[in-house]
Amino acid sequence: MSQTIGRTRLAYSRAWHHVSLASPSTPSLGRLASRIAILLMGKHKPIWDPSTDCGDYVVATGCNDVLVTGKKKEQKMYYKRTTRPGAMKSLNMESMIRKWGGGEVLKRAVRGMLPKNRLRDKRLDRLKVFEGEGHPYKTNLIRFEGRIRQVEPEVDSKILKQLSL
């Protein structure tokens, strides 16, 4: 009998999830980032193991409408350091959204929620962020807003004509 029951190729297949930040029921930045991090790590799957990369893809749209509570847009600071003395740069969240968009803010929040190991960058590469609602991954999405998307098979018009005769 096999020792790897349930660890099949199908179990390790990656699904695509869609998160729209423009919807009114979107949680705040931190809560959303922790949910996205769980999907990227694959903790929602029964085969999850900390040393394997079994997470899914996440497409986040409408990132220009990122929701934060309190005065975080003015008070939250992001720092960039180099090895040179006195070369530390700082930006607040509001100027970062203006300069690089809300997607960068979301990516940095999710990056902080992921474990600090060799899989972190690979997992973060599966997060696709877009400022507007349009994105090129519509054909890959299986889950849309938490519901399974029904995919209609494309039927060739020649086959339909043959069937109707």
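1. Lysine 45 and aspartate 56 form a salt bridge, with their closest N and O atoms 2.9 Å apart; the term salt bridge stands for a side-chain nitrogen of Lys or Arg within 4 Å of a carboxyl oxygen of Asp or Glu. Lysine 45 is buried at a relative accessible area of 13%, and aspartate 56 is buried at 2%, where buried means under 20% relative accessible area, exposed over 50%, and partly exposed in between (1.4 Å probe, protein chains only).

2. This is a predicted model, in which local features need pLDDT of at least 70 and side-chain atom pairs count only at pLDDT 80 or more, while totals for chains, interfaces and linings use all residues. Residues are numbered from 1 along each chain as its sequence is written, and side-chain values use heavy atoms, with hydrogens and water left out.

3. A search of the whole structure gives 6 salt bridges, including one between aspartate 53 and arginine 126 at 2.9 Å, N to O. Both of these residues are buried. Salt bridges with shared partners join Arg14, Asp53, Arg123 and Arg126 into one network.

4. The largest nonpolar core has 26 residues, and Leu21, Leu29, Ile36, Leu106 and Val110 touch the most other members; such a core is a set of buried Ala, Val, Leu, Ile, Met, Phe, Trp, Tyr and Cys residues joined through side-chain atoms within 4.5 Å. Leaving aside neighbours within four places in sequence, valine 110 is in contact (heavy atoms within 4.5 Å) with Ala33, Ile36, Ala37, Leu40, Leu124 and Leu127.
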